[in-house]
Amino acid sequence: MNEEKVYHLSYVSTGCDCLKFEDIKAILESSNANNKSSSITGILVYCNKHFFQILEGNKEDVVELFEKISIDHRHDGVIKIQEGFIDERKFDSWNMAFKSYNKELKALDNFNTEEFYTYINQKLKNGKDVSLQILSDFFDLNG
Ligand SMILES: Cc1cc2nc3c(=O)[nH]c(=O)nc-3n(C[C@H](O)[C@H](O)[C@H](O)COP(=O)(O)O)c2cc1C
């Protein structure tokens with residue numbers, strides 16, 4: 001995408017106890033549709049009830065989406081990790097990439113493990129970024 005200023009924001013949260021495969025599938029489907037219409041890209045990682053998400057796009061759109069996500073009852077304990085302008089999108093091929101570390105959710109992944117590792121580390125070579133570093137370190141620890 002050709003654009004001047006890309007804003008990104010990352011956070012962690014904890015999914016509610018009742019979250020099932022169908023709920024995560026529904027979150028991903030609406031995220032992909034909504035994000036496409038507002039040119040938001042990013043990644044959502046799920047592990048053992050915890051979410052880690054990176055959102056990228058126009059600042060107003062990213063901030064507005066984060067406000068909606070923060071009050072979503074399907075998760076709580078939302079803690080923002082990073083936000084600010086970046087040189088370029090890191091996930092421009094995905095309106096919402098998804099990587100799960102729970103085997104019952106593997107069918108929803110749109111990254112395979114090898115591809116994920118190579119992709120994240122390739123992007124890290126272009127410059128430091130704490131959110132990508134978290135993804136890379138997390139992968140190193142969890143496979
Ligand atoms: C962990 C998590 C991540 C989410 N990520 C997104 C997202 O990337 N894009 C999005 O539109 N909604 C996302 N949602 C859903 C929003 O909280 C909210 O339900 C949705 O934006 C409302 O969309 P609607 O106005 O079309 O009903 C997420 C929800 C959760 C719990």
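I count a residue as near a molecule or strand if its C-beta atom, placed from the backbone, lies within 6 Å of it.

**Model.** I am working from a predicted model, in which local features need pLDDT of at least 70, side-chain atom pairs count only at pLDDT 80 or more, and totals for chains, interfaces and linings use all residues. I number residues from 1 along each chain as its sequence is written.

**Ligand.** I looked up the 16 residues around the ligand and noted that Ser31, Asn34, Ile69, Asp72 and Arg74 come nearest. Helix H1 (21-37), strand S3 (50-57) and helix H2 (59-70) each give two or more residues to this shell. I take helices (H or I, at least four residues) and strands (E, at least two) as DSSP runs, numbered from the N terminus. H1 supplies the largest share of the shell, five residues.

**Helices H3 and H4.** I found that H3 (residues 113-125) and H4 (residues 130-142) pack at an angle of about 140°, with their axes 10 Å apart. Axes are lines fitted to C-alpha atoms, for helices over the stretch in contact, and angles run from 0 to 180 degrees between N-to-C directions. H3 and H4 are therefore oblique to each other; angles under 35 degrees count as roughly parallel, over 145 as roughly antiparallel, 65 to 115 as roughly perpendicular and the rest as oblique.

**Ala97.** I located Ala97 in strand S5 (residues 97-100). Ala97 counts as buried because it has 22 C-beta neighbours inside 10 Å; the cut-offs are 20 or more other C-beta atoms within 10 Å for buried, 12 or fewer for exposed, and partly exposed in between, with C-beta atoms placed from the backbone. The C-alpha atoms of Ala97 and Gln133 are separated by 17 Å.
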